[in-house]
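Subject: Structure for you to look at

Hello,

Here is the structure I said I would pass on. Please open it before you read the notes below it.

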Amino acid sequence: NRQIHLVSRPTGEPTVDNFRLVEAPLPAVQEGQVLVRNHYLSLDPYMRGRMSDAKSYADPQPLDQVMMGGTVGEVVESRNPAFKAGDQVVGMGGWQEYQLVDASQRGVLQKVDTTHIPLAAYLGAVGMPGVTAWYGLTQIINPKAGETVVVSAASGAVGGAVGQLAKARGARAVGIAGGPDKCRYVVEELGFDACIDYKEHRELKSLLAALKQACPQGIDGHFENVGGMILDAVMMRANAFSRIAMCGMISGYNGEPIPMMAPQLILVNRMKIEGFIVSEHMQLWPEALKELGMMVATGKLKYRESIADGLAAAPEAFLGLLKGRNFGKQLVKLV
Ligand code: NDP
């Protein structure tokens, strides 16, 4: 069983040397356990936080152990009555080819139905990133028809779903993404009303002008994935009683400072700004997954994947995710 361990903690940008590929024997399956062959590993920005031992909402990833991460795969051997060989499952299998799980613990392994939804989608649009988009949009922004919703990192796993869910509720959806290809995709494939290439607008003044053009009625809801100048510019174009879902601030994940220039606007615009961690709202997952699953199965929710080939490619792909080299949900194909 090939695995990737975290062997050192990065200061600033992580490198491939923080990881090591390890060959480990597969232990025998004990009573109550299930052996799963992982087919896809999900790479997610939150993993950068786990690599650090700074105080956070979650415990750090221990050194010299398998990197944690979401996986989908197939049961190859089961000594648990709830699972049988051939079942397709989603779980937290980590950066490894096989996982041995004590499936008697509730929720560690979930069976999924791949009749209408591809297995890998359970790590993206019909998985954690999809629910993240759904939670921030419906529980914090809660857009009314005709309102304008902006989302940063708009071509990504979370951002792409945010705009499409907003459109499904009759709102105007405006994305912010890096580069002309991503922006074209966001408008032409995902159906957003507009998308701003932030790399073309390095100055605040220029970004403000682009936002004004894309959001002629101002901004009522914003879904923040990046932080920094993008957030400031959105706040300066925000309407009274606008809502901001603070989902991520990826521009600061390697320790870069992300000062806020316009906190007074929170009061001036009577804004509601709320941070959230999707795993703390498990009671809403079934409702979210129902809508997301229906939309994917009927082709109403589109997404794109960047797939790295083989476990050994995972560290490099992860570094790429933090630099925007991914285009859509970043996965690693393990079989
Ligand atoms: P994405 O698929 O969106 O990939 C990350 C994207 O972030 C990159 O493609 C890149 O897009 C953009 N990016 C990276 N660095 C920068 C930078 N310095 N400035 C601007 N953009 C940057 O990832 P996800 O959809 O998985 O995650 C999106 C966000 O949601 C992250 O902030 C993540 O931490 C957060 N999140 C939060 C959760 C929660 O519970 N609160 C749960 C899940 C995700 P581009 O090329 O357009 O710049």
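Predicted model: local features only at pLDDT ≥ 70, side-chain atom pairs only at ≥ 80, totals over all residues.

Residues are numbered from 1 along each chain as its sequence is written.

Confidence. pLDDT is the predictor's confidence in each residue, from 0 to 100. The chain has a mean pLDDT of 97, and 100% of its residues reach 70 or more. The scores for the model are ipTM 0.99 and pTM 0.98.

Domains. The assignment gives domain 1 (2-124 + 303-333) and domain 2 (128-279); such bounds come from an automatic or database domain assignment. Taken over C-alpha atoms, the centres of the two domains are separated by 29 Å. In domain 1, 15 residues are in contact with 16 residues of domain 2 (contact: C-beta atoms, placed from the backbone, within 7 Å). The side of domain 1 that touches domain 2 has 5 nonpolar, 6 polar and 4 charged residues. Here Ala, Val, Leu, Ile, Met, Phe, Trp, Tyr, Cys and Pro count as nonpolar, Asp, Glu, Lys and Arg as charged, and the others, Gly among them, as polar.

The sheet. Helices (H or I, at least four residues) and strands (E, at least two) are DSSP runs, numbered from the N terminus. An open sheet is formed by 6 strands with parallel pairing, in the order S10-S9-S8-S11-S12-S13; two strands pair if DSSP finds at least two bridges between them. Strands S10 (194-197) and S13 (272-275) are the edge strands, each pairing on one side only. S9 (residues 172-177) pairs with S10 in the parallel sense over 4 bridges, and Ile176 has Ile196 in S10 as its bridge partner. Helix H6 (residues 229-236) packs on the sheet, touching S8, S9, S11 and S12, and its direction makes about 165° with that of S11 (axes are lines fitted to C-alpha atoms, for helices over the stretch in contact, and angles run from 0 to 180 degrees between N-to-C directions).

The ligand. Which residues come nearest to the ligand? Of the 28 around it, they are Gly156, Val158, Gly178, Gly248 and Gly324 (near: C-beta atom, placed from the backbone, within 6 Å). Helices H2 (128-141) and H3 (157-168) are the elements that give two or more residues to this shell, and H3 has the largest share, 3 residues. By class, the shell divides into 15 nonpolar, 10 polar and 3 charged residues. Domain 1 and domain 2 each supply at least three residues to the shell.

Regards

Note on methods
Contact = placed C-beta atoms within 7 Å.
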